[in-house]
Amino acid sequence: MVYYKTSEEVELIRQSCLLVSKVLEHVAKTIKPGMKGEVIDKQAEELIRDHGAEPGFKGYRGFPATLCVSANESVVHGIPGNQQFADGDIVSVDCGVFQNGFFGDAAYTFAIGDVSEEILELMRVTRESLYLGIGQAVVGKRLGDIGHAIQENAERKHNYGVVRELVGHGIGKSLHESPEVPNYGRRGTGPMLKDGLVIAIEPMINLGRKEISQLDDGWTVITRDKKASAHFEHTVVVRKGEADILSNHSLVELAVKNNPELKDISEKN
Ligand code: MG
Ligand code: MG
């Protein structure tokens with residue numbers, strides 16, 4: 001069942017997404033070498049609850065934390081822990097918020113300190129692929145056009161691995177609604193995109209091969225070849241002509257620019 005949202009519902013989802021963006025902005029201001037995932041997780045939960053909202057991931061199918069924190073070869077669903085981030089790490093932070101009956105969901109990958117140019121380029125291309133996918137999220141296109149645009153850029157143009165097992169999703173009263181939004185696909189295939197469809201688009205792109213495995217913690221997904229993976233996500237609503245992006249990475253990226261511990265990868269796009 002696909003739920004198309006009214007304008008009022010879209011505004012509520014936007015509020016949840018903007019709180020997610022505020023959390024990611026806070027992470028961008030504070031993340032540095034020596035910081036632990038569990039510390040940013042605690043701060044994120046406080047910030048969300050201070051706004052009268054609830055963490056969207058905590059307790060979801062038993063997930064124990066507010067943020068998914070996935071470093072280096074971790075693709076997604078990392079559990080924030082007591083390991084310190086190191087100079088040269090990339091850290092993907094995924095956040096969900098539940099407020100006024102609706103979820104918001106977005107993710108950003110941060111480059112801490114001296115990250116190799118090869119991995120910075122993976123991050124740039126993953127971010128760029130997200131926006132290419134969003135460019136297809138318009139009335140009259142088909143679902144496969146989104147995945148095609150992402151795959152075309154990440155896999156065919158740049159020879160990265162596009163994760164198949166994990167996908168974007170519809171979002172609203174539930175964190176994961178229909179349809180699934182794969183990061184691969186064929187142009188002109190799949191259901192037509194209609195006005196009011198709210199989806200999270202979230203390319204997970206691997207420096208090496210596309211294959212993944214899961215750690216014994218039951219959550220953390222890693223690349224099988226242990227090479228780096230990047231993840232960028234926005235929640236968007238399909239509209240005529242241009243998707244409306246409900247989450248907002250501009251404050252996150254301003255904070256990245258102003259944090260001397262981080263490399264800014266947003267400039268070259
Ligand atoms: Mg997410
Ligand atoms: Mg998501």
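Donors here are N, O and S atoms within 2.8 Å of the metal (3.2 Å for Na, K and Ca), and sites may look incomplete since water is not among the atoms. Asp-94 sits in strand S4 (residues 90-99) and Glu-233 in the loop between strand S13 (229-231) and strand S14 (234-237), so the pair ties together parts that are 139 residues apart in sequence. Strands (E, at least two residues) and helices (H or I, at least four) are DSSP runs numbered from the N terminus. Asp-94 is buried at a relative accessible area of 6%, and Glu-233 is buried at 0%; buried means under 20%, exposed over 50% and partly exposed in between, with a 1.4 Å probe and protein chains only.

The magnesium ion (ligand 2) lies 3.1 Å from the magnesium ion (ligand 1), with Asp-105 coordinating both. Its donors are Asp-105 (OD), His-169 (NE2), Glu-202 (OE) and Glu-233 (OE), at 2.1 to 2.2 Å, spaced D-x63-H-x32-E-x30-E. Here His-169, in strand S7 (168-170), and Glu-202, in the loop between strand S9 (198-201) and strand S10 (204-206), link parts of the chain 33 residues apart. His-169 counts as buried at 4% relative accessibility, and so does Glu-202 at 7%.

Leaving aside neighbours within four places in sequence, the contacts of Phe-110 include Leu-24, Val-91, Met-123, Val-252 and Val-256, contact being heavy atoms within 4.5 Å.

In helix H5 (250-258), Val-252, Glu-253, Ala-255 and Val-256 are buried. Viewed down the H5 axis, the buried residues fall within an arc of 155° (taken from the directions from the axis to the C-beta atoms), so they line one face of the helix. They pack against helix H1 (7-30), strand S5 (102-112), H3 and strand S16 (262-263).

Residues are numbered from 1 along each chain as its sequence is written, while chains are lettered from A and ligands numbered from 1 in the order written. As this is a predicted model, local features need pLDDT of at least 70 and side-chain atom pairs count only at pLDDT 80 or more, whereas totals for chains, interfaces and linings use all residues; side-chain values use heavy atoms, leaving out hydrogens and water.
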